[in-house]
Structure formats: structure tokens, C-alpha cells
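Reader: I would like to go through this model and ask what stands behind the words used for it. Please show it to me.

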Amino acid sequence: MRYRKILVAVVGVTVLAAGCATNQPTSSADRTQGRSLQVVATTTQVADFAANVGGNRVQVTSLFKPNVDPHDFEPSPADVEAIARADLVIENGAGLETWLHDTIANSGFHGPLVDTSQGVRLRQVGGATDPHIWQNPRNAQVMVANIERALAAAGPADAGVFRANLAAYTKQLQTLDAEVQRQIDSLANKKLVTNHDAFGYYIDRYGLQFVGSIIPSFDTSAELSGRDIRDLVAKIKATKVKAVFSETSLPPRTAETIAREAGVKVVEGEDALYGDSLGPAGSDGDTYLKMVRHNTQTIVSNLSGA
């Protein structure tokens, strides 16, 4: 592989001094001087992080689209072309983008690949890595710091801007984290059933009790058996779960069936949780901050009371 992968410890970049001989190789910093960095992000969450840290010094293209299940993603020719023209590519990491390395190789991209999961403590369940790291705002702070380092390396003339943007956005993430903790702490019943296993980092961070998921896997394409449904209905009844939470990027039909058989409400439609993707512009989940607030308010309002 000819592209360069940026890890947490990689900060420096070679910058040619003024007056160097013209036969010296051109650095990525020189190529981007005086123009916006062209950034390709895989997920909607990572794209939002890059836009917040980069501000008007970057132009961000998201490969994943709002309310689309990323587990079924297949890159289009336009996606390959966007990668080829990028100054850097930013991925979620943690095994989410299994298709990315082959796509980069096919595109001819030779720039840095930024793995935002570097430095995040990854959940391991049944020998599998949970890739939904963004669901914990503390992980998001690690992710945006990785992005800031990569942007500063690619565009050192704007490093001060990226650093200031990172500081401002990190404060917003810290405020968000405290808000969510206060709201979840107010719950007496913290038992959660979701569409698939997308909320493990959120559950662990805020002390919720995970009863089960409709699709018992990190991957939404996993097969669901009749026995899985019967077992989940029985657990919902036994543990007195109050609601089954659907997700915006997944069909609610199975969630509706399980909720009906268990005798509890299903949370769907505009109230559904944002699991794998941000929402479209104008929705309650069109930014990362709004997504987490929406999810938290939805969980709290449906688990509160008798």
C-alpha cells in the first residue's frame, strides 16, 4: 500500500523551505498552501467532526449519507474519484470500513489515511470489536484530536486555526457529556432494548442496563432467527423493559413485532434513535451534538415514570 496511515503519535510533516531547488519533491503541505484542504470522511459522524475542527479551511466530503446503514455500504465510482482527489482521508476505524483499503488502492490515492479510533479503548464482545466508538462523547474527544493533528500536518499554515477549533469543539463535547450523565442519572429504570448493538459505548459510559437488541450483532446484516425473537420477547417481559427503540437507518418492522408481542411500546419514526448515521439536514440528528442530545432525550422520556 502506497498511502500513508496517520496514527496518534504521528504529528510532523516535511515542509520545504522557501528558495529550495525546484527539483525537490513537493510536500503535501506545499500542495495545499493557499487553498482549502480536500477531506474525504467515511462516516457522517467523522465528516461532522472534520468540519468542526477544520472550519472554513477544509472542504469535507462524506462517503456515507444521512440515515443510510453503513454496514451495507459499497463505494461508487464517484466515491473512488473523491478519494483520488483528496488531500487526506479520514476513517472511523475499529474495523467499520472493511472495504476502504481496497478502494484506496484502486483510486490511486497516496496521501495520509487518518484512523480516528487510535487511542480509543475498544469494546470487545464475543471476540468481535465494536466499531460504534462515536456513541461515547469522551471517545469523540479522542477522535477529534486525531483529526486536528492530521489537519495540522497536512496544512501547517492553518495549524493555529485547527487548534483553536479543536479547543472550542472539545468544550462542547465535554458539556454534552455532562448533560447526558445528569439526564441518565435521573432514571430509575435504565433497561434498554435497541435495534442492533450500536449503543454499547453509550451504555457503558452512562451506566444503562443492556437487555438485548433486535439484531444481536454489531452488523445490521446479521441473520435474525425465530428463536432470537422469542428469547428477546421473554427477556423484555421478565425484566420489565418499558420500550423497544428503533433506529432511523433501519426498518422498524421487527421492532414493532417484538414490542407488540412483549406488550411494550416501540419508539420509531421521528423519535427513533440515531445509531449508525447522522440525520439529514434540518433533522434532530443532523450534527453529532444534536444526535446525542436527541438520543438521550428520547431514551429518558420513554424510560421515565412508573
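Author: Contact here means heavy atoms within 4.5 Å. By that rule Thr42 touches Ser62, Leu63, Phe64, Ile90, Glu91, Asn92, Glu97, Trp99 and Leu100, not counting residues up to four places away in sequence. The model is predicted.

Reader: Where does Thr42 lie, and between which elements?

Author: Thr42 lies in the loop between strand E2 (37–41) and helix H2 (44–54). The chain has 10 helices and 11 strands.

Reader: What makes Thr42 count as buried?

Author: Buried means under 20% relative accessible area. Thr42 has a relative accessibility of 0%, so Thr42 counts as buried. Of the 306 residues of the chain, 51% count as buried.

Reader: Which backbone nitrogen does the side chain of Thr42 reach, and why is that called a polar contact?

Author: The side chain of Thr42 reaches the backbone nitrogen of Asn92 at 3.4 Å. A polar contact is a pair of N or O atoms within 3.5 Å, where one must be able to donate a hydrogen and the other to accept it. The distance of 3.4 Å falls within that limit, so the pair meets the distance part of the rule.

Reader: Is Ser283 buried or exposed, and how do you know?

Author: The relative accessible area of Ser283 is 14%. The limit for buried is under 20%, so Ser283 is buried. Ser283 lies in the loop between strand E11 (265–267) and helix H10 (288–303). Its side chain reaches the backbone nitrogen of Asp286 at 3.5 Å. Leaving out residues up to four places away in sequence, Ser283 touches Tyr274 and Lys290.

Reader: Why is Lys265 called partly exposed?

Author: Partly exposed covers what lies between the limits, under 20% for buried and over 50% for exposed. Lys265 has a relative accessible area of 39%, so Lys265 is partly exposed. Lys265 lies in strand E11.

Reader: What does Lys265 touch, and which residue does its side chain join in a polar contact?

Author: Not counting residues up to four places away in sequence, Lys265 touches Lys242, Ala243, Val244, Ala259 and Asn302. The side chains of Lys265 and Asn302 are joined by a polar contact of 3.1 Å. Lys265 and Ala243 are 22 residues apart in sequence, and their C-alpha atoms are 5.0 Å apart in space.

Reader: What makes H5 roughly antiparallel to H6?

Author: Helix H5 (residues 137–154) and helix H6 (residues 159–185) pack at an angle of about 175°, with their axes 10 Å apart. Angles over 145 degrees count as roughly antiparallel, so H5 is roughly antiparallel to H6. The residues of this contact divide into 12 nonpolar, three polar and four charged. Among those in H5 are Val144 and Leu151, and among those in H6 are Phe162 and Leu166.

Reader: Why is H6 called roughly parallel to H10?

Author: H6 and H10 pack at an angle of about 5°, with their axes 10 Å apart. Angles under 35 degrees count as roughly parallel, so H6 is roughly parallel to H10. By class, the contact of H6 with H10 has 10 nonpolar, four polar and two charged residues. They include Leu176 and Val180 in H6, and Val292 and Ile299 in H10.

Reader: How much accessible surface does the chain have, and what share belongs to carbon and sulfur atoms?

Author: The accessible surface of the chain comes to about 13,800 Å², and 49% of that belongs to carbon and sulfur atoms.

Conventions: Residues numbered from 1 in each chain as written. Predicted model: local features only at pLDDT ≥ 70, side-chain atom pairs only at ≥ 80, totals over all residues. Heavy atoms only, no water. Helix = DSSP H or I, 4+ residues; strand = E, 2+ residues; numbered from the N terminus. Buried < 20%, exposed > 50% of the residue type's maximum accessible area, 1.4 Å probe, protein only. Areas by Shrake-Rupley, 256 points an atom, 1.4 Å probe, with all protein chains shown as cover. Axes fitted to C-alpha atoms, helices over the stretch in contact; angles between N-to-C directions. Parallel < 35°, antiparallel > 145°, perpendicular 65-115°, else oblique. Nonpolar A, V, L, I, M, F, W, Y, C, P; charged D, E, K, R; others polar.
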